[in-house]
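Try each task before you read its solution.

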Amino acid sequence: MGIVKVSDQLHDEIRRASAVMSRSINAQAEFWVRIGMLAELNPELSYNQLCKKLLREPVPTLESLARE
């Protein structure tokens, strides 16, 4: 596990979103990182399609995504 530094403003936004989504701050940040990674690798997919990909493989690796 590592430490990722984010701005105070982004941290506040993550904290607010985590409360709404009933996730920890770390889980919310991790979700956004995963969605962002999937969106960059699959720009043709909608948010709902990206979420379905996460449901099929909750912890995708960059290697597995690059093979698709």
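The exercises cover the fold, the pocket and a surface patch of this predicted model.

**Exercise 1. Work out which elements make up the chain and how many residues are buried as a share of the total.**

Start with the elements: there are four helices and zero strands. Read from the N terminus, they run α-α-α-α. Next, take the C-alpha atoms, which fill a box of roughly 35 × 25 × 20 Å along the principal axes. Finally, look at burial: of the 68 residues in the chain, 24% are buried.

**Exercise 2. Describe the largest pocket and find which helix gives the largest share of its lining.**

First, the volume, which comes to about 560 Å³. Then the lining: 17 residues take part, and V4, N26, A29, E30 and V33 lie nearest the centre. Now sort the lining by class, and you get twelve nonpolar, three polar and two charged residues. As for the helices, α1 (8–21) and α2 (25–41) each supply at least two lining residues. The largest share belongs to α2, with eight residues.

**Exercise 3. Find the nonpolar surface patch that includes W32, then decide whether W32 is buried, partly exposed or exposed.**

Begin with the members: V4, V6, L10 and W32 make a nonpolar patch of about 360 Å². Now check its relative accessible area, which is 37%. Buried means under 20% and exposed means over 50%, so W32 at 37% counts as partly exposed.

Notes: Residues numbered from 1 in each chain as written. Predicted model: local features only at pLDDT ≥ 70, side-chain atom pairs only at ≥ 80, totals over all residues. Heavy atoms only, no water. 1 Å grid on protein atoms, 1.4 Å probe; cavity = no way out; pocket = protein on both sides within 12 Å on 5 of 7 lines; lining within 4 Å. Points joined across faces, edges and corners; volume = space filled by probe spheres on them. Nonpolar A, V, L, I, M, F, W, Y, C, P; charged D, E, K, R; others polar. Patch = residues over 30% accessible without salt bridge, like charges linked within 9 Å, V, L, I, M, F, W, Y side chains within 5 Å. Areas by Shrake-Rupley, 256 points an atom, 1.4 Å probe, with all protein chains shown as cover. Salt bridge = Lys/Arg side-chain N within 4 Å of Asp/Glu carboxyl O. Buried < 20%, exposed > 50% of the residue type's maximum accessible area, 1.4 Å probe, protein only.
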